[in-house]
Amino acid sequence: MTFQRILTLAAGSVLLAGCAAHQPEPAAPGTPAPPPAQALAAQAPSPADVRANELGRVPVLMYHRIVASPSSVFDRTPQDFRAELERLAKEDYVPVTTAAFAEGRIDLPAGKHPVVLTFDDGDPTVLTLGQDGKPAPDTAVRILQDVAAAHPGFTPTGSMYVNAEPFGGGEAGTRALRWLHENGFEIGNHTLGHTNLRTASESTAREDVAAGDEAIRTAVPGYRPATLALPFGARPRAAEIARSGEGYEYTGVLLVGAHPAPSPFATEFDASAIPRIRSQGADGEEADYGSAKWLDELAADPDTRFTSDGDPAKISYPDGTGYPAERFAVTAEAY
């Protein structure tokens, strides 16, 4: 606000007036003056202080159903899902969407690590809205909200990849999609018919991706999906179909995979083939490919994780640990 000072001589004194109602309250006697901006900057941790590594690995976790009695390795119980989120929060991970990750829009406090939570197929156990318009208890979104409320800074967000008739279909599904958009979640395409794009003809693959995209845009006017999760992790024979076609264009494409993703700033990052890790406990069938195994590995070798320097305008990494992609070189700095 611009303050206008009117100087008036009265009784030999100077009267200052103008916008007085907006002037700050005088500090109490003995109150220290706020530090100048330079001092605040000096107090910020250096990349070395937090062991920043913005070329490090990022877990992109894949979920399907949250059910009391799992019937496959793709299911998690509400208790297991909550425990995994609690672990992520306690280990200083902060959820970001696939779109933000793929585009390198990662703005986290110094020392924090990004994690991407992805949910395939639009199952009602992931989100069902109650009569009050809020996520029902024991659904994935409600559990995520509860964990975020208990851990300030753990952002309640994720990326939802949907087919036809998501979240129960009909009006309930439409309401769920709009609720997700209004509450900071990403809605991504999973094709309309959960089509295997590898075995489908090129024309069928293009049509089903486009149809899935259109269904989302119809349900949520003004919204445009930014990323695609490949059904079964199957890449089309014509790879470009997954990234763009008539009516759609994506900044990121998700595989199934079985290991953490490279940093979006690293030379090896490929936005058209982002690997994911299936959420799974430490025991059982194919546990070596699951999230418990990989989170254990990242915890045991923390310097390999993506660790934020707290400055979204700069990419910090330890000298000798790798190189940024050419397009990020101007903002990258080794220490």
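Which residues of helix α8 (residues 291–300) are buried? In this predicted model, local features require pLDDT of at least 70 and side-chain atom pairs count only at pLDDT 80 or more, whereas totals for chains, interfaces and linings use all residues. Residues are numbered from 1 along each chain as its sequence is written, and side-chain values use heavy atoms, with hydrogens and water left out.

The buried residues of α8 are S291, A292, W294, L295 and L298, where buried denotes under 20% relative accessible area, exposed over 50% and partly exposed in between (1.4 Å probe, protein chains only). Viewed down the axis of α8, these residues lie within an arc of 165 degrees, so they line one face of the helix; the arc is that of the directions from the helix axis to the C-beta atoms. Their cover includes β3, β5 (75–76), α3 (78–90), β6 (93–96) and β14 (277–278).

The protein has 8 helices and 16 strands, defined as DSSP runs (helices H or I, at least four residues; strands E, at least two) numbered from the N terminus. Of its 335 residues, 47% are buried. Among contacts (heavy atoms within 4.5 Å) between residues at least 6 apart in sequence, 64% join residues at least 24 apart.

L55 is located in the loop between α2 (47–50) and β3 (60–63). This residue counts as buried because its relative accessibility is 12%. The C-alpha atoms of L55 and T267 are separated by 8.9 Å, although the two residues are 212 residues apart along the chain. Not counting residues up to four places away in sequence, L55 touches S263, F265, A266, I315, S316, Y317, G322, Y323 and P324.
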